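Here is a quick walk through one fold, from the inside out. Have the structure open and follow along.

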Amino acid sequence: MFRRSEQDKRPQVQIFVDGVAVAARQGDTVSAALLASGVDARRSTAVSGAPRLPYCMMGVCFDCLVTIDGVGNRQGCLVPVAEGMQVEIQKGKREIGR
């Protein structure tokens with residue numbers, strides 16, 4: 001659904017999504033990198049298990065919740081990528097201690 005512009009010459013950054021290496025671009029948010037990569041970034045809600053994708057991309061809707069470097073319930077649309085970042089697609093509610 002999304003693809004990068006061929007004019008985007010920003011340096012690449014490698015992140016890991018559920019253990020798989022994904023190429024992002026410096027300055028991307030986690031959500032933007034997930035959408036551009038083609039990775040299935042659908043999380044599931046805690047109550048009904050309904051699938052959600054990043055939606056508003058500005059921190060209002062909370063549909064982009066992911067676990068980043070072991071910390072759950074992070075809004076992927078607000079967190080810039082960093083080299084080697086570990087991202088997990090959040091399935092259901094956040095686990096205690098994460």
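## Starting from the inside

Leaving aside its neighbours within four places in sequence, which residues is valine 30 in contact with? Before the answer, one caveat: this is a predicted model. With those sequence neighbours set aside, valine 30 is in contact with Val66, Ile68, Gly76, Val79, Val81, Met85 and Val87.

Valine 30 also shows up in the largest nonpolar core, which has 16 residues. Those with the most contacts inside that core are Ile15, Val17, Val30, Leu34, Val66, Val81 and Met85. As for where the core comes from, β1, β2, α1, β5 and β7 each supply at least two residues. There's a general pattern behind this sort of thing: in soluble globular proteins, nonpolar side chains tend to be buried together.

## The helix

Helix α1 spans residues 30-37, and its buried residues are Val30, Ser31, Ala33, Leu34 and Leu35. What lies over them? The cover for the buried residues of α1 includes β1 (12-17), β2 (20-25), β5 (65-68) and β7 (86-89).

Spacing is worth a thought when you look at that list. An α-helix has 3.6 residues a turn, so residues three or four places apart point the same way. Val30 and Leu34 from the buried set are also among the core residues with the most contacts. After the helix comes glycine 38, with a positive phi near 85 degrees.

Val13, Ile15 and Val17 make up the covered face, while Gln12, Gln14 and Phe16 sit on the uncovered one. Ile15 and Val17, from the covered face, are named among the core residues with the most contacts.

β1 pairs with β2 in the antiparallel sense, over 6 bridges. Glutamine 12 is found opposite arginine 25 of β2. The hairpin these strands make has 2 residues between them, and in it aspartate 18 adopts a positive phi near 50 degrees. β1 also runs parallel to β7, joined to it by 2 bridges. Here valine 17 has valine 87 of β7 as its bridge partner.

## Two loop residues to look at

Glycine 84 is placed in the loop between β6 (71-75) and β7. Is glycine 84 buried or partly exposed? It counts as partly exposed, because its relative accessibility is 31% and the cut-off for buried is under 20%. Glycine 84 and isoleucine 15 are 69 residues apart along the chain, yet their C-alpha atoms are separated by 4.9 Å.

Threonine 45 belongs to the loop between β3 (43-44) and β4 (51-52). This one counts as buried, at 14% relative accessibility. Its side chain reaches the backbone nitrogen of glycine 49 at 3.1 Å. With neighbours within four places in sequence left out, threonine 45 is in contact with Ala50, Arg52 and Gly92.

## Salt bridges

The count of salt bridges comes to 8. One of them links aspartate 8 and arginine 25, with the closest N and O atoms 3.6 Å apart. Aspartate 8 lies in the segment before β1 and arginine 25 in strand β2, so this pair ties together parts 17 residues apart in sequence. Aspartate 8 is buried, with a relative accessible area of 17%, and arginine 25 counts as buried at 15% relative accessibility.

Another salt bridge brings arginine 10 and aspartate 28 together, at 2.9 Å from N to O. Why does this pair tie together parts that are 18 residues apart in sequence? Because arginine 10 lies in the segment before β1 and aspartate 28 in the loop between β2 and α1. Arginine 10 counts as partly exposed, at 31% relative accessibility, whereas aspartate 28 is buried, with a relative accessible area of 5%.

Over in β4, arginine 52 meets aspartate 63 at 3.5 Å, N to O. Aspartate 63 is in the loop between β4 and β5, so the tie is between parts 11 residues apart in sequence. Arginine 52 counts as partly exposed at 33% relative accessibility, and aspartate 63 as buried at 16%. Finally, salt bridges with shared partners join Arg4, Asp8, Arg10, Arg25 and Asp28 into one network.

Notes
Residues numbered from 1 in each chain as written. Predicted model: local features only at pLDDT ≥ 70, side-chain atom pairs only at ≥ 80, totals over all residues. Heavy atoms only, no water. Buried < 20%, exposed > 50% of the residue type's maximum accessible area, 1.4 Å probe, protein only. Helix = DSSP H or I, 4+ residues; strand = E, 2+ residues; numbered from the N terminus. Contact = heavy atoms within 4.5 Å. Pairing = 2+ DSSP bridges. Polar contact = N/O pair within 3.5 Å; in protein donor to acceptor, adjacent residues only side chain to side chain. Core = buried A, V, L, I, M, F, W, Y, C linked by side-chain atoms within 4.5 Å. Salt bridge = Lys/Arg side-chain N within 4 Å of Asp/Glu carboxyl O.
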